[in-house]
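Visitor: I would like to go through this model term by term. Please set each value against its cut-off.

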Amino acid sequence: LLKNYGTIIGKSEDASQANYAAIANIMSSLHFQNLVDIYNNIPYSQALLGAVTTNPSYDDAATVYASLVDRLDAAIASINANPDAEDPGAYDIMFGGDMTMWKKLANTIKLRILMRQAPGAASYIQSKLSGLTSDDFLGAGEDAQINPGYGNTAGNKQSPLWQDIGFGTSGTSYGNRDYNRACKYATDFYNNLADPRASLIYSENSSGAIQGRNFGSTESGNEHNTDISAPGGPGILTDPGMAATIMMASESYFLQAEAAQRGYLGGEGEAESLYLQAVTESFRFLGVEDYANAAVEYTSQSSVKTN
């Protein structure tokens, strides 16, 4: 993917193609950000050069982060500066050519990168968020998702998550559905706080309960696969044609809530409302019944883990 994005960027010097280059830069930044989060220092400045550099040096993670923030800002500036650029339209399987949504995604990725560095880089973070409001990030119902036409006509046409932990075209379970099982830490968190998302994230076991296994446990007896829940409840796996999620609106609001609480975005007084909106969006995404009122009830509990 990164090589393909680089090809698009390299062939989009014409102003009429500015939107394609901006999209490629935004998605490339997202992938490099994920790589930094997983591996820390990574090949970046010398990456993807093929035979030109077969042994690329590793760049410092903080340096990569700073470069990605600049790339995202530049992508947004390019979109703003080229209002007459070609509309990607149906070629854009995320937002259908809506460049305002691409700017929101870019800002949300940037916010994620900046919050990964809090609180040590306060002045830098503040400067990069200057002038932005909640309207500049992914908002209510604005999950970033792709769907090029997933379906159940063949295994390789199914949505990626469904194909990993769901069912084949004939209805039989894929291997990873049997191999992957819930962690007790997570299931206890949901169950102990009466969280309605538990049965939407995990499948019930043979007793109709949501049960996890202690991480690293090798116990036998009550830890058979029929006793331990599988990931992939109806909130996670809806159907073989479901969209693949790149970033959820709930994450956008959680990031905004943290930024507000730390004083980087808006005011500390906004942190509570942004946090409630984040929980509301998570409930909506997973299909909690009457999700808005359910989120209020959940966050009204006395536990500091919910409020």
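Guide: The protein exposes about 15500 Å². Carbon and sulfur atoms supply 50% of that area. Keep in mind that this is a predicted model.

Visitor: What share of the residues counts as buried?

Guide: Of the 307 residues, 43% count as buried. Among contacts between residues at least 6 apart in sequence, 62% join residues at least 24 apart.

Visitor: What does the secondary structure come to?

Guide: The protein has 12 helices and 4 strands. Helix 4 is one to check in detail.

Visitor: How do you know that the span of helix 4 agrees with its number of residues?

Guide: Helix 4 covers residues 99–116, which is 18 residues. The rule is 1.5 Å times one less than the number of residues. So helix 4 should span 26 Å, and its end C-alpha atoms are 26 Å apart. The two values agree.

Visitor: What makes D98 a cap for helix 4?

Guide: A side-chain oxygen of D98 lies 3.1 Å from the backbone nitrogen of T100. The cut-off for a polar contact is 3.5 Å. D98 therefore caps the N-terminal end of helix 4.

Visitor: Why is helix 4 called mostly covered?

Guide: Of its 18 residues, 15 are buried. Buried means under 20% relative accessible area.

Visitor: Why is the pair of F95 and W102 called edge-to-face?

Guide: The structure holds 7 aromatic pairs. In the pair of F95 and W102, the ring centres are 5.1 Å apart. Rings pair within 6.5 Å. Their planes stand at 85°, and over 60 degrees counts as edge-to-face. So the pair is edge-to-face. Both F95 and W102 are buried. Elsewhere, F189, Y190 and Y202 form one aromatic cluster.

Visitor: Why is S203 called buried?

Guide: S203 has 17% relative accessibility. The limit is under 20%, so S203 counts as buried. S203 lies in the loop between helix 9 (198–201) and strand 4 (244–247).

Visitor: Which residues is S203 in contact with, leaving aside neighbours within four places in sequence?

Guide: They are R177, A209, I210, S229, A230, G232 and G233.

Definitions and conventions:
Residues numbered from 1 in each chain as written. Predicted model: local features only at pLDDT ≥ 70, side-chain atom pairs only at ≥ 80, totals over all residues. Heavy atoms only, no water. Helix = DSSP H or I, 4+ residues; strand = E, 2+ residues; numbered from the N terminus. Buried < 20%, exposed > 50% of the residue type's maximum accessible area, 1.4 Å probe, protein only. Polar contact = N/O pair within 3.5 Å; in protein donor to acceptor, adjacent residues only side chain to side chain. Contact = heavy atoms within 4.5 Å. Areas by Shrake-Rupley, 256 points an atom, 1.4 Å probe, with all protein chains shown as cover. Phe/Tyr/Trp six-rings, centres within 6.5 Å; stacked < 30°, edge-to-face > 60°.
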